[in-house]
Amino acid sequence: MNENLPPLVLDLDGSLRAMERPGLARIDLTDWQERVRFGCTRRDWRAFSAHLDALFPDVHGPVLMGSGDFHHVSAFLIARQRRHAGLHVLVCDNHPDNMRFPFGIHCGSWVAHVARMPHVACVDVVGICSPDVGWAHAWENHLWPLFRGRVRYWTIGAKLGWMRALREAARNFDDVASLVRALRRELSGAQTPLYLSIDKDVLSESVARTNWDQGRLLLDDLLSIIDAAAPRIKGSDITGEVSIHRYRTRWKRWLSSLDGQPDIDPDDLIRWQRQQIEVNGVLLDALVQSQVEHFD
């Protein structure tokens with residue numbers, strides 16, 4: 001590992017305390033968990049971003065940030081990539097994360113925020129199996145970035161008839177292998193800078209358990225995508241850890257309950273977190289190697 005590219009843990013929920021790796025750096029953000037987790041107001045987001053910006057190292061490797069409830073922190077990380085004009089953002093996720101959230105930003109709406117950033121050319125969200133892209137949830141999706149080609153969905157086994165009028169906003173595949181082959185072809189044919197964000201809920205439950213509904217990819221599928229993207233990667237993050245938090249805020253308790261996150265047995269939690277850390281190690285090996293080889 002290049003010592004100039006240490007992985008960085010944003011410790012928001014304690015789920016990565018057992019993660020050990022040479023050179024691993026940490027920023028303690030646990031005091032922000034209640035305000036930022038799942039979602040936050042624009043005011044809290046600005047305050048959090050300013051606080052984190054003051055602590056952030058100039059040089060770092062892949063960023064780990066805990067539960068998928070914090071996936072909107074990727075928006076902060078991508079905003080810091082503004083020196084890379086025409087940035088292609090590749091999100092591996094079981095959910096589109098392009099949903100409406102009128103109160104600010106949250107883990108299911110951040111893609112729409114990123115798509116508005118001037119330095120971002122487009123966002124591809126790959127591996128979606130969630131019903132969030134089905135007809136019943138069509139109204140919840142931000143349609144304008146889809147129509148403009150700023151956001152594209154790569155889905156598996158989805159019913160996307162409602163998206164016919166949205167140009168080429170979605171590509172649906174019968175199986176994971178077909179999606180990975182098509183994505184590798186597209187990635188290998190491009191040269192623009194790329195930011196890779198991985199939510200491990202894109203993986204099958206047989207690989208790593210999260211507290212969200214999960215997709216179908218296996219670890220080798222994810223590694224194949226990283227391999228194809230590697231020459232272009234300028235930054236990356238990993239989320240999707242499993243952790244438990246009891247919200248003090250009533251509106252967060254209500255909204256999170258609508259997402260159907262299950263209760264987790266404490267013994268399962270320990271076992272799942274160990275499994276997650278093993279998967280993180282494999283992903284970090286692949287991501288760090290790509291940045292060592294192509295660091296600029």
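# Exercises on a predicted model

A search of the whole structure, which is a predicted model, finds 12 salt bridges. The exercises below treat some of these pairs and then turn to other features.

## Exercise 1. A salt bridge between a loop and a helix

Task: Determine which parts of the chain are linked by the salt bridge of Arg80 and Asp53.

Solution. 
- Step 1. The side chains of Arg80 and Asp53 meet with an N to O distance of 2.6 Å. A salt bridge requires a side-chain nitrogen of Lys or Arg within 4 Å of a carboxyl oxygen of Asp or Glu, and the pair of Arg80 and Asp53 is a salt bridge.
- Step 2. Locate the partners. Arg80 belongs to the loop between α3 and β5, while Asp53 belongs to helix α2.
- Step 3. Consider the surroundings. Arg80 has a relative accessible area of 25% and is partly exposed. Asp53 is also partly exposed, at 42% relative accessibility.
- Step 4. Recall the general principle. Side chains of opposite charge can pair when their charged atoms come close.

## Exercise 2. A network of salt bridges

Task: Identify the salt-bridge partners Arg152 and Arg171 in the structure, and explain what their pairs with Glu186 tie together.

Solution. 
- Step 1. Take Arg152. The side chains of Arg152 and Glu186 form a salt bridge at 2.3 Å, N to O. Arg152 is in strand β8 and Glu186 is in helix α6 (residues 176-188), so this pair ties together parts lying 34 residues apart in sequence.
- Step 2. Take Arg171. A salt bridge joins Glu186 and Arg171, whose closest N and O atoms are 3.7 Å apart. Because Glu186 is in helix α6 and Arg171 is in strand β9, this pair ties together parts that are 15 residues apart in sequence.
- Step 3. Compare with the exposure classes. Partly exposed residues lie between the buried limit of under 20% and the exposed limit of over 50%. Glu186, at 30% relative accessibility, is therefore partly exposed, and Arg171, with a relative accessible area of 33%, is partly exposed.
- Step 4. Assemble the picture. Asp124, Arg152, Arg171 and Glu186 are linked in a network of salt bridges.

## Exercise 3. An enclosed helix

Task: Explain why helix α7 (residues 219-229) is described as largely enclosed by the rest of the structure.

Solution. 
- Step 1. Name the buried residues. In α7 they are Leu219, Asp221, Leu222, Ser224, Ile225, Ile226, Ala228 and Ala229.
- Step 2. Draw the conclusion. Eight of the 11 residues of α7 are buried, so the helix is largely enclosed by the rest of the structure.

## Exercise 4. Positive phi values

Task: Locate Phe38 and Asp97, and decide whether Phe38 and Asp97 are buried or exposed.

Solution. 
- Step 1. Note the backbone angles. Phi of Phe38 is near 70 degrees, a positive value in a residue other than glycine. Asp97, likewise not glycine, has a positive phi near 55 degrees.
- Step 2. Locate the residues. Phe38 lies in the loop between α1 (33-36) and β3 (39-41). Asp97 lies in the loop between β5 and β6 (104-106).
- Step 3. Apply the cut-off. Buried means under 20% relative accessible area. Phe38, at 2%, is therefore buried, and Asp97, at 6%, is buried.

## Exercise 5. Charge on the surface

Task: Which residues gather in a patch of positive charge on the surface?

Solution. 
- Step 1. Name the members. The patch is formed by Arg42, Arg43, Arg46 and Arg116.
- Step 2. Examine one member. Arg43 is in helix α2 (residues 42-55) and is exposed, with a relative accessible area of 67%.

Methods. Residues are numbered from 1 along each chain as its sequence is written. This is a predicted model: local features need pLDDT of at least 70, side-chain atom pairs count only at pLDDT 80 or more; totals for chains, interfaces and linings use all residues. Side-chain values use heavy atoms; hydrogens and water are left out. Patches are made of residues with over 30% relative accessible area and no salt bridge: like charges are joined within 9 Å, nonpolar side chains (Val, Leu, Ile, Met, Phe, Trp, Tyr) within 5 Å. Accessible areas come from the Shrake-Rupley method with a 1.4 Å probe; for residues, only the protein chains shown count as cover. Lys and Arg count as positive and Asp and Glu as negative; His and the chain ends are not counted. The place of a charge is taken as NZ of Lys, CZ of Arg, CG of Asp or CD of Glu. Helices (H or I, at least four residues) and strands (E, at least two) are DSSP runs, numbered from the N terminus. Buried means under 20% relative accessible area, exposed over 50%, partly exposed in between (1.4 Å probe, protein chains only).
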